[in-house]
Amino acid sequence: MKAIRRIVAACLAASLACVAPSLAQVQTQSQVRFTDVTDKAGIKFKHFKGNKGMSINLEEFGPGVCVADFDGDGWTDIYFVNSRDRYGRGINVRNALYHNNRDGTFTDVTDKAGVPGTGFGLGCVWGDYDNDGFPDLFVTQFGKNVLYHNNGDGTFTDVTDKAGVGGLETGMFHAGATFVDYDRDGKLDLYVGTYVSMNNDSQRYCKIGAMTRLILTTTVGRTFLLQIMECARFCFGINTTARLKTPPELREWLIRRRGSRWRRCVFR
Ligand SMILES: [Ca+2]
Ligand SMILES: [Ca+2]
Ligand SMILES: [Ca+2]
């Protein structure tokens, strides 16, 4: 028995010898720490998700944030993107531009700069598309995008229509964008990513008894079953299951929450 204990002890010692340098290495690598200075920096921006009850995929996709030295003072400024109230609840929110005060604090200059956004925002990107030395701001939105030209005096001008970058011809769900000079002519070009088709034509209704819920669903990239599940969960919440009652074209489904009876769901 003593021999076995000696062997085990020797093995443990050998193992620790092997492990010890790794732990030290990890400790060395983890010396960098971050401190949350949001309040101290004066950044009061709060993202409003926009959901009413269970969120739809649109409300899960934001928000974007992008940084640039928009006024050329050598200090990086921050732009936050916000969503909007799409349910008529009277909730007023907007995007926010925070100017770097060079002392660890920031000031909200959105109103002065004129860059609140014009719709349900998703992403943003800075880029000096006209090479005047001041970065301009492009915001992707659900619906029409917005391009703000930097006037160089702390203010911006909405030049979306003039620039032709509203993007409605490519759909509504503009998820993100990037500036890149793809043809190397010295002028930045703009690439905008559009997510699934999601517009008024793809609004669906879920009717269960006297309860009718409008849901926003998608016509591309989603299976019909997923749409049904979205419908069911909007009506009954999570833990809802569904099964087909009639052929899919009749769109009658039976749904139920766990432990409850099956109920008929008509999907239009
Ligand atoms: Ca700055
Ligand atoms: Ca510019
Ligand atoms: Ca170019």
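Helices (H or I, at least four residues) and strands (E, at least two) are DSSP runs, numbered from the N terminus. By this definition the chain holds five helices and 15 strands. This is a predicted model, in which local features need pLDDT of at least 70 and side-chain atom pairs count only at pLDDT 80 or more, while totals for chains, interfaces and linings use all residues. Residues are numbered from 1 along each chain as its sequence is written, and chains are lettered from A and ligands numbered from 1 in the order in which they are written.

A residue is termed buried if 20 or more other C-beta atoms lie within 10 Å of its own, exposed if 12 or fewer, and partly exposed in between, with C-beta atoms placed from the backbone. Of the 268 residues of the chain, 26% count as buried. Two residues are in contact if their C-beta atoms, placed from the backbone, lie within 7 Å. Among contacts between residues at least 6 apart in sequence, 40% join residues at least 24 apart.

The sheets may be taken next. Strands of a sheet pair through backbone hydrogen bonds, either parallel or antiparallel; two strands are counted as paired if DSSP finds at least two bridges between them. One open sheet consists of four strands in the order β1-β2-β3-β4, with antiparallel pairing. Its edge strands, β1 (65–68) and β4 (106–108), each pair on one side only. Within this sheet, four bridges join the antiparallel strands β1 and β2, and V67 stands opposite I78 in β2.

Another open sheet of four strands has the order β5-β6-β7-β8, and its pairing is likewise antiparallel. Because β5 and β8 (156–158) stand at the edges with a single partner strand each, one side of each is left without a neighbour in the sheet. Seven bridges link β5 with β6 in the antiparallel sense, and here V125 stands opposite F138 in β6. Between β6 and β7 there are three bridges, again antiparallel; F138 stands opposite L147 in β7, and L137 stands opposite Y148 in β7. These two strands, β6 and β7, form a hairpin with three residues between them, and G143 in the turn has a positive phi of about 105°.

Seven of its seven residues are buried, so β6 is largely enclosed by the rest of the structure. Both of its faces are covered: D136, F138, T140 and F142 lie on one side, and L137, V139 and Q141 on the other.

Beyond its neighbours within four places in sequence, L137 is in contact with Y79, V115, C124, W126, Y148, N150 and F156.

L122 is buried, with 24 other C-beta atoms within 10 Å. Although L122 and G62 are 60 residues apart in sequence, they are 4.7 Å apart in space, C-alpha to C-alpha. Leaving out residues up to four places away in sequence, the contacts of L122 include F61, G64, V81, T140 and H174.
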